[in-house]
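Thanks for sending this one over for a look. Here are my notes, written with a computational eye.

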Amino acid sequence: MRRVAVIGVGVTKFGKHDRTSAELFAEAARDALADAELPPSAVQALYYGNVVGGETEKQLHTGPQAASVLGIPTVPTTRFETACASSHAAFRHAVMELAAGVSEVVLVGGAERVLNVPTAEATEYFAYASDAVWEQPVGLTFPGVFALIARAHMAKHGTTEEQMAHVAVKNHRHGALNPKAQFQKEITLEQVLRSAYVADPLKLYDCCPFTDGGAAVVLASEEIARQRRRGIWVLGSAAASDSMLMHDKRDLARVPATERAAAAAYRQAGLGPEDVDVVELHDCFTIAEIVATEGLGLFEPGTGGLAAEKGWTSLGGKIPVNTSGGLKAKGHPIGATGAAQIVEVVTQLRGEAGPRQVEGARIGLTHTLGGNTATVLVSLFGRD
């Protein structure tokens with residue numbers, strides 16, 4: 001299999017937009033292609049993530065729509081839907097197309113627009129990623145899913161609401177350093193702990209926001225990448241799945257799909273968690289970050305809350321996590337989230353992250369959850 005590199009990245013400002021998701025993706029894609037020093041005509045395939053376009057924009061067939069707005073309507077295009085992991089799944093398939101020698105340059109990314117509908121509608125549309133027969137009829141939405149996970153982790157490991165609040169405070173501190181983040185302001189531990197409960201024990205500041213936005217990356221074969229100075233190598237990219245139904249999961253304090261995807265990605269790269277310098281992971285709720293740091297092997301099971309409390313995941317800590325602000329502060333446009341995480345890690349490995357730069361970062365990891373932890377993607381990146 002051939003080596004594959006990321007040679008261009010682009011991301012829109014996250015937040016509320018009046019443009020369509022296809023227009024948001026086109027903005028990010030043009031920036032990524034300019035970063036790669038390539039014209040749109042160089043793209044040989046587009047892999048695109050979008051989840052709720054049918055509900056919020058009355059728009060299906062969103063892959064060709066995105067390609068048409070970008071001005072490359074004849075390029076083979078495929079839309080991916082794996083809930084919040086959609087553009088990370090798109091990325092993995094693009095890597096395989098390039099590694100197999102089918103193409104030389106592939107554009108990957110995603111976009112979402114949800115702030116054009118009321119919060120209650122957006123919450124319902126997101127819940128479509130849970131089981132429609134057994135879970136949706138009883139009113140289980142994603143704050144409820146992760147509240148169950150939080151309660152299980154608290155009961156098994158003694159994790160506290162204050163430790164979860166430390167995740168929110170840290171990610172807002174990081175987000176304040178990111179000009180593309182939805183929330184660029186710091187918050188205090190007291191603000192998090194005094195905010196209203198959304199789904200006990202999760203409070204308002206434990207939850208990521210609804211977000212509009214787009215992100216894109218340009219992938220290329222080794223031959224093309226060697227002609228660029230700033231290519232970042234894809235060292236591994238793996239996917240894993242788990243049961244859809246929450247009641248089928250044996251231990252809610254763990255995400256086995258994260259553990260399996262991470263093990264496969266580390267094996268592909270010939271690396272371990274001790275080699276990773278910077279991480280972007282899926283913190284849709286604060287407890288999700290704590291469980292992910294354990295599943296990725298960054299900390300022992302049950303100690304993710306302690307790591308957040310001690311500042312080990314902050315900039316300057318043992319292993320900086322979510323330097324972009326994460327989903328919690330940067331925002332969570334679900335179709336674009338996986339690609340946006342890759343944009344941040346590539347920016348870090350290039351040494352171009354400005355005030356949020358992790359000094360000397362050489363190996364980066366991205367982790368994206370889909371839905372009720374039934375889909376997980378993990379990828380590893382490195383520079384020469």
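The points below go from the whole chain to single residues.

1. **Ground rules.** This is a predicted model, in which local features need pLDDT of at least 70 and side-chain atom pairs count only at pLDDT 80 or more, while totals for chains, interfaces and linings use all residues. Residues are numbered from 1 along each chain as its sequence is written, and side-chain values use heavy atoms, with hydrogens and water left out.

2. **Overall dimensions.** Along the principal axes, the C-alpha atoms fill a box of roughly 55 × 45 × 40 Å.

3. **Make-up and burial.** The chain has 14 helices and eleven strands (DSSP runs numbered from the N terminus: H or I of at least four residues for helices, E of at least two for strands). Buried residues account for 61% of the 384; here buried means under 20% relative accessible area, exposed over 50%, and partly exposed in between, with a 1.4 Å probe and protein chains only. Of the contacts (heavy atoms within 4.5 Å) between residues at least 6 apart in sequence, 76% join residues at least 24 apart.

4. **Strand E1.** All eight residues of E1 (residues 4–11) are buried, so this strand is largely enclosed by the rest of the structure. E1 pairs with E7 (residues 213–221) in the antiparallel sense over seven bridges, and two bridges join E1 to E8 (residues 232–241), also antiparallel. Pairing requires that DSSP finds at least two bridges between the strands. Ala5 takes part on both sides: its bridge partner in E7 is Ala220, and in E8 it stands opposite Trp233.

5. **Two cores.** Which residues touch the most other members of the largest nonpolar core? They are Phe146, Val279, Ile287 and Leu296, in a core of 57 residues. Helix H6 (residues 142–157) supplies the largest share of this core, seven residues. A second, separate core has 36 residues, including Phe91, Val217, Val234 and Phe381. A nonpolar core is a set of buried Ala, Val, Leu, Ile, Met, Phe, Trp, Tyr and Cys residues joined through side-chain atoms within 4.5 Å.

6. Val105 lies in strand E4 (residues 105–112) and is buried at 5% relative accessible area. Beyond four places in sequence, its contacts include Leu38, Val43, Leu98 and Ile224. Asp242, by contrast, sits in the loop between E8 and helix H10 (256–269) and is partly exposed at 24%. Among the residues that Asp242 contacts beyond four places in sequence are Lys249, Arg260 and Thr373.

7. **Aromatic pairs.** The whole structure holds seven aromatic pairs, meaning Phe, Tyr or Trp (six-membered) rings with centres within 6.5 Å; planes under 30 degrees apart count as stacked, over 60 as edge-to-face and the rest as tilted. Tyr47 and Phe80 are stacked, 5.6 Å centre to centre with 25° between the planes. Tyr125 and Tyr128 form a tilted pair at 5.8 Å and 55°. Tyr125 is buried at 15%, whereas Tyr128 is partly exposed at 39%.
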